[in-house]
Amino acid sequence: TEKLRVNWIDTDASGRIHYTAALRYFEVAEHGLMRAILPGGGTPGERLFSLPRVHVEADYKLALRYPDEFTCAARVEKVGNSSVTYGFEIRNLAGELAISGRIVAVATDPAGGKLALPESFRAALERAAGALRDRRSGFALTGGSGTGSRAGSDSWSRPGGRTRAGW
């Protein structure tokens, strides 16, 4: 989990974060996750493969504005043969979910061809995903500030699909 602050450059004319800022925050949290689970922090120059993103999604629940502080947590949700799915949660300092997201990355060789995840990398990802399953069995939040359960997570939506306060 990374503690961050909304920078002025991350906002749009409304004063809220621009939607693309969440993707940069996700990347910061992903780097923190890699430092935590990989020997040497998984520096890109040490790999003979890359992980281009093939799917990115984000759901915005509460507004973040300059200079709000927040946390961004990354977790390994799923490990496939050649892909990994990361989940993300951005929470304000009160622990309220502001943004959730998911990114799928696929392993490729230097020429861009798809390949199986290298075994040592896969093992590290599977250990991280296993730790997530262990925490979920106790109804703890995955990442974020750890202030409750996922029960009622859809309570952020209002009838008609509009989100709660601030957007």
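The model is a predicted one. In the hairpin of strand 4 and strand 5, which has four residues between the strands, G95 takes a positive phi near 90°. Strand 3 and strand 4 also form a hairpin, in this case with three residues between them.

The secondary structure of the protein comes to two helices and five strands, and when read along the sequence these elements follow the pattern β-α-β-β-β-β-α. Of the 167 residues of the protein, 41% count as buried. Among contacts between residues at least 6 apart in sequence, 65% join residues at least 24 apart.

The five strands form an open sheet in which the order is 1-3-4-5-2 and the pairing is antiparallel. Strand 1 (2-5) and strand 2 (53-60) are the edge strands, each of them pairing on one side only, and from one strand to the next the twist averages 20°. Strands of a sheet pair through backbone hydrogen bonds, either parallel or antiparallel. Strand 1 is joined by four bridges to strand 3 (residues 69-79), the two running antiparallel, and within this pairing E2 stands opposite C72 of strand 3. Between strand 3 and strand 4 there are nine bridges, again in the antiparallel sense, with A74 placed opposite F88 in strand 4. Strand 4 is likewise joined to strand 5 by nine bridges, and these strands run antiparallel; here Y86 stands opposite I103 of strand 5.

Strand 4 is mostly covered, since nine of its 10 residues are buried. Both Y86 and F88 are buried, and E89, which lies in strand 4, counts as buried because its relative accessibility is 2%, under the 20% that marks the limit for a buried residue. The side chain of E89 is joined to that of R91 by a polar contact of 3.4 Å.

Helix 1 (residues 21-37) packs on the sheet, where it touches strand 1, strand 2, strand 3, strand 4 (83-92) and strand 5 (97-106), and its direction makes about 65° with that of strand 3. At 1.5 Å a residue, the 17 residues of helix 1 should span 24 Å, and the separation of 25 Å between its end C-alpha atoms agrees with this expectation. M34, whose place is in helix 1, counts as buried because its relative accessibility is 6%. The C-alpha atoms of M34 and A74 are separated by 9.5 Å, although these residues lie 40 residues apart along the chain.

The aromatic residues were examined in turn, and the count comes to five aromatic pairs. A pair of aromatic rings is described by the distance of the centres and the angle of the planes. W8 and Y66 form an edge-to-face pair, with 5.4 Å from centre to centre and 85° between the planes. This pair links distant parts of the chain, with W8 in the loop between strand 1 and helix 1 and Y66 in the loop between strand 2 and strand 3, 58 residues apart. W8 is exposed, its relative accessible area being 61%, whereas Y66 is partly exposed, with a relative accessible area of 44%. In the pair formed by Y86 and F88, the ring centres are 6.5 Å apart and the planes stand at 50°, so the pair is tilted.

Notes: Residues are numbered from 1 along each chain as its sequence is written. This is a predicted model: local features need pLDDT of at least 70, side-chain atom pairs count only at pLDDT 80 or more; totals for chains, interfaces and linings use all residues. Side-chain values use heavy atoms; hydrogens and water are left out. Two strands pair if DSSP finds at least two bridges between them. Axes are lines fitted to C-alpha atoms, for helices over the stretch in contact, and angles run from 0 to 180 degrees between N-to-C directions. Contact means heavy atoms within 4.5 Å. Rings of Phe, Tyr and Trp (its six-membered ring) pair if their centres lie within 6.5 Å; planes under 30 degrees apart count as stacked, over 60 as edge-to-face and the rest as tilted. Buried means under 20% relative accessible area, exposed over 50%, partly exposed in between (1.4 Å probe, protein chains only). A polar contact is a pair of N or O atoms within 3.5 Å; within protein, one must be able to donate a hydrogen and the other to accept it, and residues adjacent in sequence count only if both atoms are side-chain atoms. The expected span of a helix is 1.5 Å times one less than its number of residues.
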